[in-house]
Amino acid sequence: MPVKTIIEPFRIKSVEPIHHTTREEREKMLRDASYNLFLLKADDVLIDLLTDSGTGAMSTHQWAGIMEGDESYAGSKSFDHFKTSVQEITGFKHVMPTHQGRAAERILFQTMCKPGDIVPNNTHFDTTRANTEFTGAEARDIPCPEARIPSDRSPFKGNMDLAALEALLDQNDRHHIPLVMITVTNNSGGGQPVSMANVRAVSALCKKHGIPFYIDACRFAENSYFIKMREPGYADKTPKQIAQELFSYADGCTMSAKKDGMANIGGFLCTNDDRLAQQEKDLLILTEGYPTYGGLAGRDLEAIATGIQEALDIDYLKYRITSTGYLGNKISEQGVPIVQPPGGHAIYIDAKTFLPHIPVAQFPGVALAAELYLEGGIRSVEIGSLMFAGAAKMELVRLAIPRRVYTQSHIDYVVEIILSVWERRQQIKGMRLTYEAPFLRHFTAKLEPVE
Ligand code: F0G
């Protein structure tokens, strides 16, 4: 009989203590943070599921690479290692390191977009949207229709709506489209994967219209594993072969190495276009750094060079996707509405269905995230009307799982807390804004419960 239990494929060499707080303490800390979990002290959080970005644990090989880091300003050995590793997976001609994903986005959009342009994406992440809009271009989300139905269990709900893309590209003479982007996995749409068939079709449509096609590659390894598990024809391919094929359809990518780069900081921008690469390197020098370090230390480049390969390890991916699914299945079995099927890096609770008595204008996602903190010191994040204002299509609470950080008993604790909040959901109150910034308001917003 094959063994059914899937275990964490690592043992723990260094530990970081976390500590409990009392409910009274959490009530005070939440009030002091104006009900915005971004404004809490991390030390006051027991299980931090705010993000899977930069919060992962590095391997012994990555830590060894940290010591090997070559800190030369120009032409460092660590850059060669980084570039070779990124190119082996992506195949792109130009690889530019950046301090994180949004820096790659800023450089890409600043180089390619102008006011009035439209950039289609399956769903823009918040920084991708903000960086597009900052150039005066419009960030247009065109996810496949099933992406907007949380309970729908389609295997590739991250797909782009091909008909909507084609209609948009046909009007390219009226609205200039400087590039098309697809986000793998679709973070704001529930961490859902994009199929190879969809990427191939988007690429073909872009080629037909002569429009560059870019991948927002943050979670490319998780997406590759979903393709292996769910898409006919890929079961016998390795995650790396699948990733290589995925990137082969694109003209470039942006990447936050804080996700499937398995590093605590870093990112990169890739392109096959020599002329664009020159402009991008000029901008890189202006604000990030010389093109062989791009705002990172040599040691960071080493951590990414190794991490991006580890992210494609089959045992790791199996554990990663299984453990995220474990959380999702445990709470949904008890009736908690989540975006189905469970995503790669996170579980998204459908707060609108969880709290039907709270109107969208009173931020049900913010209210639920606050309750999870009060109940058990868990930090999550709202992905809904506070984050995206009028552009929000769903009211979600994301529980993002840091890579290689929490064990199954941590997750069992999270399940217990969510279920006790579910029990007393009728008592939860809505929220009202008392302060908001002009953009990316969710990071600094202040709120109070509606009495
Ligand atoms: N694109 C996607 C799909 C992302 O999820 C993120 C970051 C970025 C771009 C930007 O990368 O943070 O390195 O500048 N997502 C994090 C999150 C912050 O919590 O989902 P960055």
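Tutor: We take the ligand, then the pocket, then the cavities.
Tutor: This is a predicted model: local features need pLDDT of at least 70, side-chain atom pairs count only at pLDDT 80 or more, and totals for chains, interfaces and linings use all residues. Residues are numbered from 1 along each chain as its sequence is written, and side-chain values use heavy atoms, without hydrogens or water.

Student: How many residues surround the ligand, and which are closest?
Tutor: The shell has 18 residues, and the closest are Thr51, Arg102, Ser256, Lys259 and Arg398.

Student: Which polar side-chain atoms lie by oxygen atoms of the ligand?
Tutor: One on Ser256 lies 2.6 Å from a ligand oxygen. One on Gln100 lies 3.0 Å from a ligand oxygen. Asp216 has a polar side-chain atom 2.7 Å from a ligand nitrogen. The protein covers 94% of the 460 Å² of accessible area that the ligand has on its own (Shrake-Rupley method, 1.4 Å probe).

Student: Which helix gives the most to that shell?
Tutor: α4, with 3 residues. Both α4 (101–112) and α5 (126–134) supply at least two. Helices are DSSP runs of H or I, at least four residues, and strands are E runs of at least two, numbered from the N terminus.

Student: New topic. What volume does the largest pocket have?
Tutor: About 1400 Å³. Of its 36 lining residues, the closest to the centre are Ser14, Ala57, Met58, Arg404 and Val405. On a 1 Å grid over the protein atoms alone, a pocket is an open set of points with protein on both sides within 12 Å along at least five of seven lines; a cavity is a set where a 1.4 Å probe fits but cannot get out; lining residues have an atom within 4 Å of a point. Volume is the space filled by probe spheres set on points joined across faces, edges and corners.

Student: And how many cavities of 30 Å³ or more?
Tutor: The structure holds 2.

Student: How much space lies in the second largest cavity?
Tutor: About 120 Å³. Its lining has 8 nonpolar, 3 polar and 1 charged residue.

Key: A residue is near a molecule or strand if one of its heavy atoms lies within 4 Å of it. A polar contact is a pair of N or O atoms within 3.5 Å; within protein, one must be able to donate a hydrogen and the other to accept it, and residues adjacent in sequence count only if both atoms are side-chain atoms. Ala, Val, Leu, Ile, Met, Phe, Trp, Tyr, Cys and Pro count as nonpolar, Asp, Glu, Lys and Arg as charged, and the others, Gly among them, as polar.
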